[in-house]
Amino acid sequence: MLDISDLCAGYGHGPVVQGVNMKIARGETIALLGPNGAGKSTLLAALSGTLRERSGQVLMDGADLMKMPTHEIVGHGLAQVPEGRRMFAPMSVEDNLRLGTVRLAGRSASTVQERFDYVYKLFPRLAERRTQLTGTLSGGEQQMVAIGRALMSSPRVLLLDEPFLGLAPKVVDEIRRTLNTLRDGGLTMVLVEQKLDIALPFTSRAYVLIKGRVALSEASASLAGRPDLAQLYFDLAKTNS
Ligand SMILES: Nc1ncnc2c1ncn2[C@@H]1O[C@H](COP(=O)(O)OP(=O)(O)OP(=O)(O)O)[C@@H](O)[C@H]1O
């Protein structure tokens with residue numbers, strides 16, 4: 001579904017992501033792991049088109065996302081839940097969700113309503129708070145809005161950048177259950193997550209990024225069996241320096 005070749009990306013002071021190759025099949029769930037500053041968020045931003053300084057090829061079902069502006073990438077079926085949620089605090093839950101309907105422009109009101117119904121069924125808490133200002137929601141509820149907004153565009157690939165960061169265990173469990181439902185429904189997902197006890201059971205495969213390069217690609221179950229991943233990061237960093 002996603003075929004990434006020789007992807008490089010950065011911010012004008014030398015490449016951060018350096019020649020990444022990945023192949024992700026339809027329905028796979030992928031963990032993107034690596035130490036702080038390895039380039040995981042940069043890689044997701046390059047895929048979703050929010051970072052334009054990039055080169056290489058990103059094919060999604062054969063179409064090159066590198067040639068599309070961001071809204072067309074969303075229209076093609078790839079959506080991102082960015083790190084830090086990026087909510088519009090003075091807007092209601094419903095209006096924030098509506099921002100995710102760009103892909104549905106020109107479609108009937110009932111199609112848009114179906115997406116609202118879908119998201120509200122996944123996150124009943126958002127249905128209860130649909131008129132509440134997003135800035136007054138708890139961190140967990142805001143993360144639900146961020147995920148819901150991405151789902152409003154009916155994505156076929158969902159990129160999630162540390163969606164559990166700073167959340168209490170109870171709400172982490174609640175959001176995990178929803179992501180499990182999406183995974184079991186066949187949605188292709190890429191999850192950036194520091195906590196391995198969350199990332200590895202959720203995913204089928206993992207890529208470890210070190211200094212902007214893929215240092216390891218392995219089945220998540222087999223990676224989970226390694227006794228000390230911090231040491232592995234250290235060893236991989238040494239071999240890749
Ligand atoms: N907007 C930006 N402008 C300039 N440099 C940036 C920007 N965003 C990230 N970087 C730099 O790019 C490098 C990779 O950062 P990135 O956030 O992609 O890493 P990461 O693996 O996601 O790390 P973390 O787990 O800490 O979020 C870092 O050196 C960072 O300082």
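Let me start with one residue. Leu-137 touches Arg-129, Gln-132, Gln-142 and Val-145, leaving aside residues up to four places away in sequence. This is a predicted model, so keep that in mind throughout. Where does Leu-137 sit? Its place is the loop between helix H5, residues 124-128, and helix H6. Is Leu-137 buried or exposed? It has 20 C-beta neighbours inside 10 Å, so it counts as buried. Now look across to Ser-92. Leu-137 and Ser-92 are 45 residues apart in sequence. In space, their C-alpha atoms are 9.9 Å apart.

Helix H6 covers residues 139-151 and packs on a sheet. There, H6 touches strand E6 and strand E7, the latter being residues 157-161. The direction of H6 makes about 170° with that of E6.

So, on to the sheet. How many strands does it have? Six, in an open sheet with mixed pairing. Read the order as E6-E7-E8-E3-E9-E10. The edges are strand E6, residues 78-81, and strand E10, residues 213-219. Each edge strand pairs on one side only. On average, neighbouring strands here are turned by 20° against each other, direction ignored.

Next, strand E3. It spans residues 29-33 and pairs with strand E8, residues 188-192. That pairing is parallel, over four bridges. Two partners to find on screen. Thr-29 has Met-189 of E8 as its bridge partner. Leu-32 has Val-192, again in E8. E3 also pairs with strand E9, residues 205-210. This pairing, too, is in the parallel sense, over four bridges. There, Ala-31 stands opposite Ala-206 of E9.

A quick reminder on strands. In a regular strand, side chains alternate between the two faces of the sheet. Now check E3. Thr-29, Ala-31 and Leu-33 point one way. Ile-30 and Leu-32 point the other way. All of these residues are buried. Five of the five residues of E3 are buried, so the rest of the structure largely encloses this strand.

Let's move to the ligand. Which residues surround it? They are Tyr-11, Val-16, Gly-34, Asn-36, Gly-37, Ala-38, Gly-39, Lys-40, Ser-41 and Thr-42. By class, this shell has three nonpolar, six polar and one charged residues. Which helix gives the most to the shell? Helix H1, residues 40-48, with three residues.

Stay with H1. Eight of its nine residues are buried, so H1 is largely enclosed by the rest of the structure. The buried ones are Lys-40, Thr-42, Leu-43, Leu-44, Ala-45, Ala-46, Leu-47 and Ser-48. Two of those names, Lys-40 and Thr-42, also belong to the residues around the ligand. Just after H1 comes Gly-49, with a positive phi of about 85°.

Last, the whole chain. Its secondary structure comes to ten helices and ten strands. The C-alpha atoms fill a box of roughly 55 × 40 × 30 Å along the principal axes. A compact globule of 241 residues would have a radius of gyration near 18 Å, and the chain agrees, because it has 18 Å. Of the 241 residues, 37% count as buried. Finally, contacts. Take those between residues at least 6 apart in sequence. Of these, 67% join residues at least 24 apart.

How values were computed:
Residues are numbered from 1 along each chain as its sequence is written. This is a predicted model: local features need pLDDT of at least 70, side-chain atom pairs count only at pLDDT 80 or more; totals for chains, interfaces and linings use all residues. A residue is near a molecule or strand if its C-beta atom, placed from the backbone, lies within 6 Å of it. Helices (H or I, at least four residues) and strands (E, at least two) are DSSP runs, numbered from the N terminus. Ala, Val, Leu, Ile, Met, Phe, Trp, Tyr, Cys and Pro count as nonpolar, Asp, Glu, Lys and Arg as charged, and the others, Gly among them, as polar. Two strands pair if DSSP finds at least two bridges between them. Axes are lines fitted to C-alpha atoms, for helices over the stretch in contact, and angles run from 0 to 180 degrees between N-to-C directions. Two residues are in contact if their C-beta atoms, placed from the backbone, lie within 7 Å. A residue is buried if 20 or more other C-beta atoms lie within 10 Å of its own, exposed if 12 or fewer, and partly exposed in between; C-beta atoms are placed from the backbone. The radius of gyration is taken over C-alpha atoms; the globule rule is 2.2 Å times the number of residues to the power 0.38.
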